[in-house]
Amino acid sequence: MNQPIARLRRLRSVELRTHAAADSAEFYSEVWGLSVVESGREGAWLRGTGDQHHALQLTQADRNGLGRISFAVSTPAEVDDAARRVAERGILVVQGPGPVDDAGGGYGLRIVDPEGRIIELIADTLAVPALGGDDAVPVGVTHVVLNTVDIDAAVRFYCDVLGMRVSDWSEHQMAFLRCNSDHHSIAFNQAEWASVNHVAYEMPSVDHFMRGIGRLRHHGQLPLWGPGKHGPGDNTFSYFADPAGLVCEYTSGIAQIDEDRWLCRVWRRVPELSDLWGTAGPPSRQVREHMAGIPDPGAFERHDLERAS
Ligand SMILES: [Fe+2]
């Protein structure tokens, strides 16, 4: 049996393709609490208070979609090893292995998953100091939930190829995958089409989380769903829509997993387990529509469209 291609250390950043990059950059910096580190005509790079050069990259596009998801690996040698293993498995590579000519630098490899999502493995990114202060702003990105048309195939790829582990299932509707002690860095949601469901940002504590929600309220932005606390992962949640309609989440207190003791379980999808505090109620049709988004053709079809034009 093939080894996973690499050992993922953590989720590093997410690139979103958005039809409203300028408005979204303003929202994420002025309201959401990230800081712009670079910006240009094609988009913007924003950081949290953590030690990553950026957490979010916004790229102007005709329609909303996923740009890529970046995971940190330890060394450039691991990136090269991953490239060899990817070649053995016949997985499509769209860039690298090699130096990344992009904000944040690094040495990376970009591969394509079965539904056309670009996954980047990257080492040696620019070091930035964590920021101090007690503001109610995100540390960085902590998980991404992805809609998939085939949850079993998605879980198989992320476990077999990327070495992730399933922490929990929510019936056969959602699967929560980890790459480190955080209960999940990625989750899949069985859906009618592939798309980004939401991107979650880590708040340092429940107090920061609530103050963040308060700041959004002062900006006239009420949660689409939340505040509440999930069963799987035990994390708080409050979901909002950005100016392009993409869903962003404040969360805190994600469960920490002891690799030697954890037993994966299948959670029933009942209100008392989906909403532990009973404060959020069921998700509205509006939040469900935002989380479904629009079908994302992914890298395969984009590549074909670009070649055809
Ligand atoms: Fe989430």
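Which residue in β4 does V14 stand opposite? In this predicted model, the residue that V14 faces in β4 is L56. The two strands concerned are β1, covering residues 10-18, and β4, covering residues 56-60, and their pairing runs in the parallel sense over five bridges. Strand β4 also pairs with β3 (residues 43-47), here in the antiparallel sense and over four bridges, with W45 having Q57 of β4 as its bridge partner.

For A82, once the neighbours within four places in sequence are left aside, the contacts are with I5, A6, L109 and L121. In soluble globular proteins, nonpolar side chains tend to be buried together.

Taken as a whole, the protein contains seven helices and 17 strands. Its radius of gyration is 18 Å, which is close to the 19 Å given by the globule rule for 309 residues, and the protein is therefore as compact as a globular protein of that length. The C-alpha trace extends over about 50 × 45 × 40 Å along the principal axes, and 47% of the 309 residues count as buried. Among contacts with a separation of 6 or more, 67% are accounted for by residues 24 or more positions apart.

Terms used
Residues numbered from 1 in each chain as written. Predicted model: local features only at pLDDT ≥ 70, side-chain atom pairs only at ≥ 80, totals over all residues. Pairing = 2+ DSSP bridges. Contact = placed C-beta atoms within 7 Å. Rg over C-alpha atoms; globule rule 2.2 N^0.38 Å. Buried ≥ 20, exposed ≤ 12 C-beta atoms within 10 Å, placed from the backbone.
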